[in-house]
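I opened this entry to look up helix packing and nonpolar cores. My notes follow the model.

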Amino acid sequence: MTNSLFVMSAASGAGKTTLKDKVIKEFPDIRYSISATTREPRKGEVDGVHYFFKTREEFQKMIAENALVEWNEVHGHFYGTPKRFVEDMLAKGLRVLFDLDVFGKINFDKVYPESTGILILPPSLEILEKRLRGRGTDPEEVIRLRLDNAKKEMEFAKLHGKYEYTIVNDDLEKAAEELRAILRKR
């Protein structure tokens with residue numbers, strides 16, 4: 001299992017999904033982990049492809065049945081990593097790339113301490129705000145919440161996180177090459 005699990009963490013809008021999408025297709029032995037969530041699907045998102053969309057009741061049942069490696073409430077919705085998905089991928093001999101917030105990473109490390117942490121940072125909070133607004137997917141109160149959470153998450157990651165690598169996503173091509181190098185080396 002060593003070097004099989006990679007956890008990327010970043011504040012919403014730091015570019016981790018764009019980075020992941022750009023790089024992962026180059027690694028046929030790596031699967032992107034699909035998280036469970038109680039939030040509504042965004043336009044174009046498909047259940048079982050982007051997320052496992054669950055009701056609050058379904059998610060709470062997963063918690064009660066200990067069916068999640070980690071879970072947390074973020075931006076008013078539950079998010080978590082289904083154990084079965086991780087176990088199935090590892091049983092197939094595949095490596096897995098996860099997208100977890102910094103708090104979820106702490107809990108994930110309790111189950112899989114050998115995982116490799118990759119922290120993705122925006123160049124600045126101003127650029128992060130510009131990216132969030134540029135998406136055009138969230139109302140003002142959600143953008144404010146995401147920015148407030150981003151500050152807390154970055155501070156928490158610096159103080160308490162286990163990240164072997166940090167990538168500042170100021171240039172997509174440069175950041176993508178840094179991620180490729182990490183995935184090749186490990």
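I started with the contact of α1 with α7, taking contact as heavy atoms within 4.5 Å. On the α1 side I listed Thr18, Leu19, Lys22 and Val23; they meet Leu172, Glu173, Ala175, Ala176, Leu179, Arg180 and Leu183 in α7. These residues divide into seven nonpolar, one polar and three charged. I counted Ala, Val, Leu, Ile, Met, Phe, Trp, Tyr, Cys and Pro as nonpolar, Asp, Glu, Lys and Arg as charged, and the others, Gly among them, as polar.

Ground rules for the entry. The model is predicted, so I note that local features need pLDDT of at least 70 and side-chain atom pairs pLDDT 80 or more, while totals for chains, interfaces and linings use all residues. Numbering runs from 1 along each chain as its sequence is written, and side-chain values use heavy atoms, without hydrogens and water. Helices (H or I, at least four residues) and strands (E, at least two) are DSSP runs, numbered from the N terminus.

Next, geometry. α1 and α7 pack at about 60°, axes 10 Å apart. Axes are lines fitted to C-alpha atoms, for helices over the stretch in contact; angles run from 0 to 180 degrees between N-to-C directions.

I then checked Ala175, which lies in α7. Is Ala175 buried or exposed? Ala175 counts as buried because its relative accessibility is 0%. Buried means under 20% relative accessible area, exposed over 50%, partly exposed in between (1.4 Å probe, protein chains only). Neighbours within four places in sequence aside, Ala175 touches Leu19, Ile167, Val168 and Asn169.

Cores came next. A nonpolar core is a set of buried Ala, Val, Leu, Ile, Met, Phe, Trp, Tyr and Cys residues joined through side-chain atoms within 4.5 Å. The largest has 19 residues; Ile118, Ile120, Ile167, Leu179 and Leu183 touch the most other members. β1 (5–10), α1 (16–23), β8 (116–121), β9 (165–168) and α7 (172–185) each supply at least two residues. Which element gives the largest share of this core? I found α7, with five residues. A second, separate core of 13 residues includes Leu5, Phe85, Val86 and Phe108.

Last, I looked at α5 (residues 125–135) and α6 (residues 140–160), which pack at about 145° with axes 10 Å apart. Among the residues that meet are Leu125, Leu128 and Leu132 in α5, and Ile143, Leu147 and Met154 in α6. I logged the contact as seven nonpolar, no polar and six charged residues.
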